[in-house]
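I opened a new notebook page for this structure.

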Amino acid sequence: MADHIAAIDQGTTSSRFIVFDRDGRIRAADQREHEQITPRAGWVEHDATEVWRRTREVIGGAMASSDFEASDLAAIGITNQRETTVLWDRETGEPVHNAIVWQDTRTDALVRELAGDRGADRLRDRVGLPLSTYFSGPKIRWILDHGDGLQARAERGELAFGTMDTWVLWNLTGGRRGGVHATDVTNASRTLLMDLRTLDWHQPSLDLMGIPRALLPEIRSSSEAYGEVAGTAVGGVPVAGILGDQQAALFGQTCFEAGSAKNTYGTGSFLLVHTGEEVVQSRELLTSVAYKLGDAPASYVLEGSIAVTGALVQWLRDRLGIIDSAAEVEDLARTVDDNGGVYFVPAFSGLFAPYWRDDARGIIAGLTAYASKGHIARAALEATAWQSREVVDAAAAAADVPFTSLKVDGGMTANALLMQFQADVLGVPVIRPEVTETTALGAAYAAGLATGFWDGLDELRARWAEGRRWEPRMGAAEREEGYRRWKKAVQRTLDWVD
């Protein structure tokens, strides 16, 4: 009997395969990292063939380390790093270029050219997004421009585009031997190419960027049977859920009602506020699809995207060498009582929400001879909380939703110092669920709903449980003074790139 469900979580730094039971508890898992390729400043790439190889490995690893057979799995969901862009040859299955990662800023000049006199918001009313290096459309254009004959091949239908969900789905379901070329509405809504209202490719966007429809996958719902796995240790299991990673975390946190919100702390951090079936526009935040369950109407979100949070801790480890592991940053930060006046704005690839400034670059401000590596570590953690405060404020203003608490998830929620500081600077409780793997769980939920593994949203709500809560302790005056200094530091990062 198929009494378990699984999810592939294809992330920015690693891929995972997790098997859940009906209560959302993890019963088997495996994880493998893939290489971060940085050919030059501002460029970030992944080898898509390596990502697919790691995906196969984690599936095999999780199944081999458990007693599960493919017949024990009712379905598989996919969740993925969004916006990361890969183009491949339909006949050979080989990528024509390394995948260009969501953090990559090589398209900055192209984005300015596309914006023209009408500005970066020229498509926003239909696609919900500003023209930015963040999204897939300009990345597609860049790849087509930097390979011999790629534009003509794309127009002839010889090439395929996908975000990483599409790449994994295509390979899982047979690849060049009949693989399904599809994406879901959440990932499509992050390309700059989908009309939020029709949920179809937006022809004016395609025309602006010169992207042929023949290149693009079919847009489908987030919860339906797309096809069966061909080969691997889970051959024959239906793939029945796809959600971009942040929408998957929202779904895994059971934020199904308008006004509910979550913040995920990973490589970057992402605040999503559910706005129901209404498309709410904001010039500071992004409007995307939250999910679409089968034939039901789509639900929407406002999103505050922060480019660098967990990645800053990795930078302290890999570039500065002041910690040996990411977990050590909390202990180092606790060696000091406060930040010593130091503020760290990690605008390594510009600033995302609420600024949308590609010209910004990172800065450490307020240094004195008193500052130590403990102060820098603490300022790095505090940067995550201050950036989250900025997007919470923007979301509250745009959606007119008072924040009485914030649900949180992601790897950095293990850092109690950060979570307490987050509650302090927001002035509301911060709540972590009992099951913290909400991204993979959300994809599993979507697959389980499509196959009848779970009865509906009410059953999923009943399974959510609070794990830990942090109450605010900081006084309002201290909070606002710290926020003022943070904003002052942010201003120092702007206009750095001419």
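Which residues in α9 meet which residues in α14? I looked up the contact, meaning heavy atoms within 4.5 Å. On the α9 side I listed D245, A248, A249, F251 and G252. On the α14 side I listed T438, T439, L441, G442, A443, Y445, A446 and L449. These contact residues divide into 8 nonpolar, 4 polar and 1 charged. Here Ala, Val, Leu, Ile, Met, Phe, Trp, Tyr, Cys and Pro count as nonpolar, Asp, Glu, Lys and Arg as charged, and the others, Gly among them, as polar.

Before going on, I noted the ground rules. The model is predicted, so local features need pLDDT of at least 70 and side-chain atom pairs pLDDT 80 or more, while totals for chains, interfaces and linings use all residues. Residues are numbered from 1 along each chain as its sequence is written, and side-chain values use heavy atoms, with hydrogens and water left out.

**Helix packing.** Helix α9 covers residues 245-252 and helix α14 covers residues 438-451. Helices (H or I, at least four residues) and strands (E, at least two) are DSSP runs, numbered from the N terminus. The two helices pack at about 75°, with axes 7 Å apart. Axes are lines fitted to C-alpha atoms, for helices over the stretch in contact, and angles run from 0 to 180 degrees between N-to-C directions. The pair is therefore roughly perpendicular, a label for 65 to 115 degrees (under 35 is roughly parallel, over 145 roughly antiparallel, the rest oblique).

**Burial of α9.** I checked accessibility next. Buried means under 20% relative accessible area, exposed over 50%, partly exposed in between (1.4 Å probe, protein chains only). In α9, 8 of the 8 residues are buried, so this helix is largely enclosed by the rest of the structure. Just after α9, T254 takes a positive phi of about 55°. T254 lies in the loop between α9 and β13 (261-265). At 8% relative accessibility, T254 is buried.

**Aromatic pairs.** I found 21 aromatic pairs in the structure. Rings of Phe, Tyr and Trp (its six-membered ring) pair if their centres lie within 6.5 Å; planes under 30 degrees apart count as stacked, over 60 as edge-to-face and the rest as tilted. W88 and W167 are edge-to-face, 5.0 Å centre to centre with 65° between the planes. W88 is in strand β6 (residues 86-89) and W167 in helix α6 (residues 164-172), so the pair ties together parts 79 residues apart in sequence. Both W88 and W167 are buried.

W315 and F348 have ring centres 5.3 Å apart and planes at 45°, so this pair is tilted. W315 is in helix α10 (residues 310-320) and F348 in the loop between β17 (343-345) and β18 (363-365), so the pair ties together parts 33 residues apart in sequence. W315 is partly exposed at 25%. F348 is partly exposed too, at 33%.

I also noted one aromatic cluster of W102, Y134, F135, F270, F352 and W356.

**Charges over a ring.** Which charged ends sit over the ring of W43? R40 does, 4.1 Å from the ring centre. R106 does as well, at 3.8 Å. The test is NZ of Lys or CZ of Arg within 6 Å of the ring centre and within 35 degrees of the ring normal.

**Backbone.** The peptide bond from A353 to P354 is cis, with omega near -5°. P354 is in the loop between β17 and β18. L192 has a positive phi near 75° and is not glycine. I placed L192 in the loop between α7 (185-188) and α8 (203-209). L192 is buried, at 0%.
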